[in-house]
Amino acid sequence: MYASRGRSGLGLALVSAFAFGGSGVAAKPLIEAGVDPLHVVWLRVAGAALVMLPVAWRHRALVRSRPVLLLGFGLLAVAGVQACYFAAISRIPVGVALLVEYLAPALVLGWVRFVQRRPVTRRAALGVVLAVGGLACVVEVWSGLSFDAIGLLLALGAACCQVGYFVLSDQGSADARRGVEPPNPVGVISYGLLIGALVLTVVARPWTMQWATLGGSADMDGTDVPAWLLLAWIVLVATVLAYVTGVVSVRLLSPAVAGVVACLEAVIATVLAWVMLGEHLSAPQLVGGAVVLAGSLIAQSATPSTPSGPVASGPGEGRAAGTGTGPATATAEAPSSAGRTTS
């Protein structure tokens, strides 16, 4: 029974990682075809919100019981992460942007240590050091940051938005510790998409978009692909399918296993960008990316060892880490992301 659940959960987690990892690869050709990055984000979030609207209606009680959590998820984990990530990949390679975003767990530990002034475990600190060192290799600091500085800052902005959501999502973990029933994660995702779509409508002003571009084609490393097909992938696969399979997988797997699989998102995104977009990374960047993922995994899975006082561990403690640019993989406690959210 448990083995079957584990296999099913692992399969769903891999589907989620692949779906999230493919978002940037599908979005970048649209951006290069002339669609503004903010408009691509709006199309993604608004389309997914429409698909998830029946789920939001079913969990409408969340509007009264968890308004802060819904706003935090919509503003930070959806609108903020996606807008920064898509703007970043318009200027730097997809894999680099996602690896920078994977600094989120390290930044959370920095918040805990220096803002909340709580000690962190040595294992968590090691994860931070590895993540930062690996990032130095990814951006090739020895060559004076060969990538677009604005693009790197935008990717870092996506990581910071995830940090903000981590802080807000602590209320879900606190409820679970008090024995209060946590919010339904799929319901939170649905309302997060709705709130994100509303915010992005004001910011992106989709009425100014060149809609005719979606009727044409986009170049994917020399191959013309219908723009509408790329958009359908972004909405249905890279958002709706990615979120739902991520939520279900976390309920079937332990947070540690789910966190390991979630880290595959960056690997998948880098490989897909290499094969489908021709975005090659150098050997030092690939090694640095592996170190970033290792550090991120250590930071988010570190657990305290019988401390005498409150000790903070990685941000994935008790919750599964998800991605990206995604934005986020959710658990029964509270949705969280450690790497995409969202991407």
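**Entry 1: ground rules**

I call a residue buried when its relative accessible area is under 20%, exposed when it is over 50%, and partly exposed in between, with a 1.4 Å probe and protein chains only. With that rule I looked up L10, which is partly exposed because its relative accessible area is 37%. I noted that the model is predicted, that local features need pLDDT of at least 70, that side-chain atom pairs count only at pLDDT 80 or more, and that totals for chains, interfaces and linings use all residues. I also noted that residues are numbered from 1 along each chain as its sequence is written, and that side-chain values use heavy atoms, with hydrogens and water left out. For the elements I follow DSSP runs, numbered from the N terminus: helices are H or I with at least four residues, and strands are E with at least two.

**Entry 2: the nonpolar patch**

L10 lies in helix α1, and I found it again in a nonpolar patch on the surface, together with L14, L264, V267, V271, W274, V275, M276 and L286. A patch is made of residues with over 30% relative accessible area and no salt bridge, where nonpolar side chains (Val, Leu, Ile, Met, Phe, Trp, Tyr) are joined within 5 Å and like charges within 9 Å. The accessible area of these residues together is about 700 Å², a value from the Shrake-Rupley method with a 1.4 Å probe, in which only the protein chains shown count as cover for residues. I asked myself which elements give two or more residues to the nonpolar patch. They are α1 (2-21) and α14, and α14 gives the most, with six residues.

I then turned to helix α2 (residues 23-32), where nine of the 10 residues are buried, so the helix is largely enclosed by the rest of the structure. The buried residues include V25, A26, A27, K28 and L30. Just after α2, I noted that G34 takes a positive phi of about 120°.

By a salt bridge I mean a side-chain nitrogen of Lys or Arg within 4 Å of a carboxyl oxygen of Asp or Glu.

**Entry 3: the other pair, and E140**

How many salt bridges does this rule give? The count comes to two, and I found R91 and D148 meeting in a salt bridge at 3.0 Å, N to O. R91 lies in the loop between α6 (67-89) and α7 (94-101) and D148 in the loop between α9 and α10, so the pair ties together parts that are 57 residues apart in sequence. R91 is partly exposed at a relative accessible area of 42%, and D148 is partly exposed at 27%.

In the loop between α9 (122-138) and α10 (149-177) I also looked up E140. Is E140 buried or exposed? With a relative accessible area of 14%, E140 is buried. E140 and G288 are 148 residues apart in sequence, yet their C-alpha atoms are 9.1 Å apart in space.

**Entry 4: the hairpin**

Strand β1 (residues 217-220) has a covered face with A218 and M220, and an uncovered face with S217 and D219. I recalled that in a regular strand the side chains alternate between the two faces of the sheet. Strand β2 (residues 223-226) runs antiparallel to β1, and four bridges join the two; two strands pair if DSSP finds at least two bridges between them. I noted that A218 stands opposite V225 in β2.

The two strands form a hairpin with two residues between them. In the turn, D221 has a positive phi of about 55° although it is not a glycine, and at 49% relative accessibility D221 counts as partly exposed. Another positive phi in a residue other than glycine belongs to R205, near 50°, in the loop between α11 (185-204) and β1.

Finally, I found D221 in a patch of negative charge on the surface, where it gathers with E32, D219 and D224. Here Asp and Glu count as negative and Lys and Arg as positive, while His and the chain ends are not counted; the place of a charge is taken as NZ of Lys, CZ of Arg, CG of Asp or CD of Glu.
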